[in-house]
Amino acid sequence: MIDLPPRAGEKPDTSSTNPHQQQSQNPTPEVYELLLSKGFDFPHVERRPSAISVPGAQALWLSDEVAGARPEAFLIGREFAHVHPPYDGSMHMMLPPAAVEELLEKGWGEPHPMARRGLIPPTAVMVYAPRNAAEVDIILQVIAAAYRFACGEGPAA
């Protein structure tokens, strides 16, 4: 559990195929920069270009120093999440099943289209872009859940 509040307002428009992108309610440059400045501040996490997303996406890559990492918590390699470029601002990440359920229930994200089709694990989700500084803090809680999952903490998927 992450203990998320319900997300206010309507769900943003998103694409239904790859590249899976958020098409409305995108962040301002200031909110996007705030997300980037705080979102990569976890021990043993490197900021790299995403190995699986669109050009300009920035990945949270778990260092090889973390020995207990769980393979099912990664999108590719040791990339457990990535932030899409500024025109989008959403994120893809892997979350434990209980966190996926809460994220969807509270309106903060949606399943990845490939997960809906059973082509990748159901723990792959899109987290909607934050619209203000308060939402950046909420998104940081979700990133922290993905980080703990990648590090091998908590129940397996």
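Student: Why is R116 called partly exposed?

Tutor: R116 has a relative accessible area of 49%. Buried means under 20% relative accessible area, exposed over 50%, and partly exposed in between, with a 1.4 Å probe and protein chains only. R116 is therefore partly exposed. This is a predicted model, in which local features need pLDDT of at least 70 and side-chain atom pairs count only at pLDDT 80 or more, while totals for chains, interfaces and linings use all residues. Residues are numbered from 1 along each chain as its sequence is written, and side-chain values use heavy atoms, with hydrogens and water left out.

Student: What makes the pair of R116 and E110 a salt bridge?

Tutor: A salt bridge is a side-chain nitrogen of Lys or Arg within 4 Å of a carboxyl oxygen of Asp or Glu. The closest N and O atoms of R116 and E110 are 3.6 Å apart, so the pair meets the definition. E110 counts as buried, because its relative accessibility is 4%. Salt bridges with shared partners join E110 and R116 with K11 into one network.

Student: How many salt bridges does the structure hold, and what makes E46 and R48 one of them?

Tutor: The structure holds 8 salt bridges. Between the side chains of E46 and R48 the N to O distance is 2.8 Å. E46 is partly exposed because its relative accessibility is 31%, and R48 is partly exposed because its relative accessible area is 32%.

Student: What does the salt bridge of D64 and R78 tie together?

Tutor: The side chains of D64 and R78 meet at 3.2 Å, N to O. Both D64 and R78 lie in the loop between β2 (58-62) and β3 (79-83), so the pair ties together parts that are 14 residues apart in sequence. Helices (H or I, at least four residues) and strands (E, at least two) are DSSP runs, numbered from the N terminus.

Student: Is D64 buried or exposed, and is R78 buried or exposed?

Tutor: D64 has 64% relative accessibility and therefore counts as exposed. R78 has a relative accessible area of 18% and is therefore buried.

Student: Why is H112 called buried?

Tutor: The relative accessibility of H112 is 10%, so H112 counts as buried. H112 is found in the loop between β5 (109-111) and α3 (113-116). Contact means heavy atoms within 4.5 Å. Leaving aside neighbours within four places in sequence, H112 is in contact with N18, H20, H92, I120, A124, V125 and M126.

Student: What makes I139 a buried residue?

Tutor: I139 has 0% relative accessibility and therefore counts as buried. I139 is placed in helix α4 (residues 133-150). Not counting residues up to four places away in sequence, I139 touches L35, M91, W108, V127, Y128 and P130. I139 and W108 are 31 residues apart in sequence, and their C-alpha atoms are 8.5 Å apart in space.

Student: How do you know that the radius of gyration of the chain agrees with a compact globule?

Tutor: The radius of gyration is taken over C-alpha atoms, and the globule rule is 2.2 Å times the number of residues to the power 0.38. With 157 residues, a compact globule would have a value near 15 Å; the chain has 14 Å, which agrees. Of the 157 residues, 52% count as buried. The chain holds 4 helices and 6 strands, in the order α-β-β-β-β-α-β-α-β-α from the N terminus on.
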